Amino acid sequence: MLRLFESIKNLVQRRPAGSDRRLDEFQEMIGYRFRDQNRLVEALTHRSTLGELRPGEVGVTYERLEFLGDSVLALVTSVYLVDNFPDDDEGGLTQKKSLLVSKNVLTKKADEIGIRDFIILSDNAMKGGVAAQDSVLSAALEAVIGAIYLDGGLEYARTFIESRILGDMDEILEHRDHINYKSILQEWTQSKYRTYPLYRVRSTAGPEHDKIFLVEVKIGGRVVGKGRGKSKKDAEQMAAKEGLNELRKHH
């Protein structure tokens, strides 16, 4: 714990002039003021900054808070769905949750909030446009959720998640193109069968520049779905979608 405190202190001391004003701006933007500003600094700090540490300094990044925020987001979203969709079974709730906490949706929400302008990066990472990467934006948003949870507790984290991520839930759920069927199928099979889906390319057809892939997905050695697509990834998604429909017939 002492090493973590020293790491944050070093990071705060090396923040450029005007950064306190920027932190105030960010807190105003998200509607939450941190009791411990160091938690916010940690939540916004990308691992690229580790390369700029002086000898003897130990750095911190948002990765630990991202881990925590992911769990808090999953909990709050699950409770929210159970409360708002009393007629949905486990499969329906799982599908909705997977969509609402997907990287695509979190990236969109991070963009709406404006997080990218506040992520603390190394000079090289800043020049390379790292803050615009989907994985960085979604990770930083989860880290902010984790920081709010540690700083203010579950109620403040819930308020932030419900207002900033779940506020337009109905609109998000209507856009089926966001759905990650592979992720949903994996959660389903882990829950029901304690195993993982296995994907295999059965065949390809067409010229090199316009191939069509046929993929099958197996669970417990049984083929539950097949899908076609212009890429292996698309075919796997279609196979997972068919697999989900097949499995739900038996549940």
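The model is predicted: local features need pLDDT of at least 70, side-chain atom pairs count only at pLDDT 80 or more, and totals for chains, interfaces and linings use all residues. Residues are numbered from 1 along each chain as its sequence is written, and side-chain values use heavy atoms, with hydrogens and water left out.

Start with the chain. It holds 12 helices and 3 strands. Both are DSSP runs, numbered from the N terminus: helices are H or I with at least four residues, strands E with at least two. Of the 251 residues, 43% are buried. Buried means under 20% relative accessible area, exposed over 50%, and partly exposed in between, with a 1.4 Å probe and protein chains only. A contact means heavy atoms within 4.5 Å. Among contacts in the chain with a separation of 6 or more, 57% join residues 24 or more positions apart.

Now the interior. In soluble globular proteins, nonpolar side chains tend to be buried together. A nonpolar core here is a set of buried Ala, Val, Leu, Ile, Met, Phe, Trp, Tyr and Cys residues joined through side-chain atoms within 4.5 Å. The largest such core has 49 residues, and Ile30, Phe160 and Ile161 touch the most other members. Elements giving two or more residues to this core include α2 (19-30), α4 (63-84) and α9 (154-164). The most come from α8, with 10 residues. Phenylalanine 160 is in contact with Ile30, Ile113, Leu141, Val144, Ile145, Ile148 and Ile165, leaving aside neighbours within four places in sequence. Another core lies apart from the largest one; it has 15 residues, among them Val215, Val217, Ile219 and Val224.

Next, the helix pairs. Two packed helices are described by the angle between their axes and the distance between the axes. Axes are lines fitted to C-alpha atoms, for helices over the stretch in contact, and angles run from 0 to 180 degrees between N-to-C directions. Angles under 35 degrees count as roughly parallel, over 145 as roughly antiparallel, 65 to 115 as roughly perpendicular and the rest as oblique.

Take α3 and α8. Their axes come within 8 Å and cross at roughly 160°. The two helices are therefore roughly antiparallel to each other. From α3, Arg39, Ala43 and Leu44 meet Ala140, Ala143, Val144, Ala147, Leu150 and Asp151 of α8. The residues of this contact divide into 7 nonpolar, no polar and 2 charged. Here Ala, Val, Leu, Ile, Met, Phe, Trp, Tyr, Cys and Pro count as nonpolar, Asp, Glu, Lys and Arg as charged, and the others, Gly among them, as polar.

Compare α4 and α9. Their axes come within 10 Å and cross at roughly 70°. That makes α4 roughly perpendicular to α9. Val72, Leu73, Val76, Thr77 and Tyr80 in α4 meet Leu154, Ala157, Arg158, Ile161 and Glu162 in α9. This contact divides into 7 nonpolar, 1 polar and 2 charged residues.

Finally, single residues. Glutamine 27 lies in helix α2. It counts as buried because its relative accessibility is 3%. Not counting residues up to four places away in sequence, glutamine 27 touches Tyr32, Arg33, Phe34, Gln37 and Leu40. Leucine 23 is also placed in helix α2 and is buried, with a relative accessible area of 6%. Leucine 23 and leucine 40 are 17 residues apart in sequence and 7.9 Å apart in space, C-alpha to C-alpha.

Arginine 194 sits in the loop between α11 (181-193) and β1 (198-205). At 68% relative accessibility, arginine 194 counts as exposed. Most residues other than glycine have a negative phi. The phi of arginine 194 is positive, near 55°.
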